[in-house]
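Biologist: Please take a close look at a single part of this model, the charges and aromatic rings, and then go on to the strands and helices around the chain. Plain words will do, with the cut-off for each term.

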Amino acid sequence: MKKWLIAGLSLICTCALANTTLIHNISGYTPTLKGATQSFSVLVVRDGKVVATGNDDMLKQFPEATRYDGHGKTLLPGLIDAHGHIIGLGNNLVELDLRGMTSIEQIGEKLKAYSDHFDGEWIVGRGWDQTLWSSQQFGSAADLDKYVGNRPVMLTRVDGHAIWVNSKAMQMAGIDEKTKAPEGGEIIYEGNHQPSGVFVDKAEELVRKHVPAASEHDVKRALNKASEHLLSLGITSAHDAGIDYTTWQVYQDQAKNKAIPIRIYAMLSASDPKLETMLKAGIIKDPNDHLSVRSVKIYADGALGSRGAALIDSYKDRPGHHGLMLETYDKLRELMRLSFKHGFSANTHAIGDKANRVVLDAYEAEFKKTGGKLLRNRIEHAQIVTPEDIPRFKSLDIIPSMQPVHATSDMHMAEKRLTDNQLAGGYAWQTFLKQGSKIAAGSDFPVELAEPFHGLFSAVTRQDPHGQPEQGWRAEEALSRDQALRAFTLDAAYAAFQEHKLGSLEKGKWADFILIDKDYFNVRALEIRDIQVDETWVAGQLVYKRMVQKDDK
């Protein structure tokens with residue numbers, strides 16, 4: 001007799017759970033504030049918070065509790081993605097998705113098919129990556145015109161640091177050979193010095209400002225789409241790396257109405273014209289911890305894939321080019337000063353070694369002048385850092401907010417872009433931990449897939465999905481399973497001032513947890529990537545269950 005499974009997704013809310021619930025018959029693991037990972041077979045929850053964890057002896061201690069059988073599954077704390085873009089993810093789930101496309105022709109065919117059923121004005125999509133194409137060269141407006149020429153098209157690179165548009169879009173934006181790139185941006189030109197249709201970093205705004213802004217309805221739709229997706233992956237909390245004024249308003253309204261399904265630690269976008277208005281409104285802390293706004297997201301440079309990451313030495317595959325600083329040293333200090341003045345942390349995007357050094361210099365100078373060192377400031381990504389600058393993270397109390405999957409998706413591209421010397425302090429997770437830094441781990445969704453077990457797999461193995469390279473890429477920087485889980489839970493919570501509320505299943509903290517289909521600590525390393533989330537619980541309530549139907553034959 002054979003059994004076959006049909007897996008489906010279902011977002012559910014069991015709002016009428018008994019006051020005390022005892023989850024038993026589980027293999028539970030949680031990091032702890034004291035440091036060691038704790039194992040348990042019983043979890044007791046009351047009023048949405050953890051009462052206790054322990055062994056089967058606890059079954060007698062809580063006879064009044066409603067019992068929930070975990071069927072021998074592994075239970076972990078709800079995972080925290082410390083760097084993502086929630087509205088971007090939600091939009092990605094409903095717009096044109098170009099992730100993984102291996103040629104311009106493949107993208108063009110998908111664009112044309114999408115256009116045939118699209119009734120809006122601007123076609124917007126995301127996910128292209130020229131490093132996956134045989135030419136590895138940027139596309140052009142003419143390439144897109146072959147498929148859609150009668151309406152404007154704007155396609156964002158997978159990392160968000162470049163756009164590719166058609167001729168209609170450039171025409172509507174008034175862009176021609178006389179158009180100059182703003183400081184911190186680059187227009188890619190063709191041989192006749194005509195704009196090619198690719199705009200990097202701050203040059204994106206030349207086109208973006210002509211695309212209709214998202215409405216509150218659009219933001220709510222994206223929030224709900226993203227939340228449902230994140231919960232299905234076991235992510236109960238996400239750090240939203242840069243929100244605009246409209247999103248800031250929507251998040252507050254939804255929090256007041258108890259309509260945010262996940263927990264959000266939101267960073268205000270430093271580039272938003274209404275930044276000071278949002279700062280003056282003060283820190284936002286929802287009493288149910290579904291929304292926290294107490295930091296500012298600043299951009300220092302671009303990304304490695306579009307050669308916008310700012311480097312001390314030039315790119316190996318583009319001699320003389322050093323990337324792009326999106327803000328000057330003085331502007332960085334000004335934005336940090338403004339953040340600190342209102343009690344907000346400054347979380348600064350820095351990928352290249354030059355950007356990381358300039359940002360560290362700016363933090364150091366501003367700490368001496370205005371304070372702010374205790375605000376758990378962060379450098380987002382911290383991908384390429386010189387070995388001599390890594391200790392400065394610890395001395396300045398800067399948290400490296402890093403995305404493990406970037407190392408394994410970047411490794412081949414990074415070796416083309418950079419020399420071995422430049423990579424000496426690249427993706428250096430273990431080096432950061434050994435000096436006492438806490439790593440806040442995330443995925444940078446939708447740049448990468450939001451799948452947290454892909455991140456845990458990358459952190460532990462430093463391998464691609466096929467287990468290559470066999471020993472791992474720069475394997476000395478790999479994390480242990482305990483270290484990786486902590487980076488995606490308790491240390492991510494620390495980076496948001498939430499380690500006493502989230503990130504572990506310790507007494508008095510919110511009962512956010514997941515049940516998974518394999519034992520994270522005991523499966524083969526290669527299997528970590530394929531772990532599936534069967535259930536997700538937030539504040540002691542079951543909010544997602546992977547539905548499985550069994551049919552006998």
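Modeller: Arg376 lies over the face of Tyr494, at 3.8 Å from the ring centre. A charge is said to sit over a ring if NZ of Lys or CZ of Arg is within 6 Å of the ring centre and within 35 degrees of the ring normal. Lys49 is placed over the face of Trp510, with 4.7 Å to the ring centre. The model is predicted, so local features need pLDDT of at least 70 and side-chain atom pairs count only at pLDDT 80 or more, while totals for chains, interfaces and linings use all residues. Residues are numbered from 1 along each chain as its sequence is written, and side-chain values use heavy atoms, with hydrogens and water left out.

The whole structure holds 14 aromatic pairs (rings of Phe, Tyr and Trp, the last by its six-membered ring, pair if their centres lie within 6.5 Å; planes under 30 degrees apart are stacked, over 60 edge-to-face, and the rest tilted). Tyr427 and Trp473 make an edge-to-face pair, 5.6 Å from centre to centre and with 65 degrees between the planes. This pair links distant parts of the chain, 46 residues apart: Tyr427 is in the loop between helix H13 (404–417) and helix H14 (429–434), and Trp473 is in the loop between helix H15 (452–461) and helix H16 (481–487). Helices (H or I, at least four residues) and strands (E, at least two) are DSSP runs, numbered from the N terminus. Both Tyr427 and Trp473 are buried (buried means under 20% relative accessible area, exposed over 50%, partly exposed in between, with a 1.4 Å probe and protein chains only). Elsewhere, Trp128, Trp133, Phe138 and Trp164 form one aromatic cluster.

Two packed helices are described by the angle between their axes and the distance between the axes. H13 and H15 have their axes 7 Å apart and cross at an angle of about 70 degrees (axes are lines fitted to C-alpha atoms, for helices over the stretch in contact, and angles run from 0 to 180 degrees between N-to-C directions). That makes H13 roughly perpendicular to H15 (under 35 degrees counts as roughly parallel, over 145 as roughly antiparallel, 65 to 115 as roughly perpendicular and the rest as oblique). The contact (heavy atoms within 4.5 Å) is made by Pro404, Val405 and Thr408 of H13 with Gly455, Ser458 and Ala459 of H15.

One joins Phe445 and Pro446, with omega about 0 degrees, and Pro446 is in the loop between strand S23 (440–441) and H15. Another joins Gln468 and Pro469, with omega about -10 degrees, and Pro469 is in the loop between H15 and H16.

An open sheet of 4 strands has mixed pairing and the order S6-S5-S2-S7 (two strands pair if DSSP finds at least two bridges between them). Strand S6 (49–54) and strand S7 (66–69) are at the edges with a single partner strand each, so one side of each has no neighbour in the sheet. On average, neighbouring strands here are turned by 20 degrees against each other, direction ignored.

Strand S2 (residues 20–24) runs parallel to S7, joined by 4 bridges; Ile23 has Tyr68 as its bridge partner, and His24 is opposite Asp69. With strand S5 (residues 42–46), S2 pairs in the antiparallel sense over 4 bridges, and Thr20 is opposite Arg46. In S2, 5 of the 5 residues are buried, so the strand is largely enclosed by the rest of the structure. In a regular strand the side chains alternate between the two faces of the sheet. Both faces of S2 are covered, with Thr20, Leu22 and His24 buried on one side and Thr21 and Ile23 buried on the other.

Asn25 is not a glycine, yet its phi is positive, about 60 degrees. Asn25 is partly exposed, with a relative accessible area of 37%.
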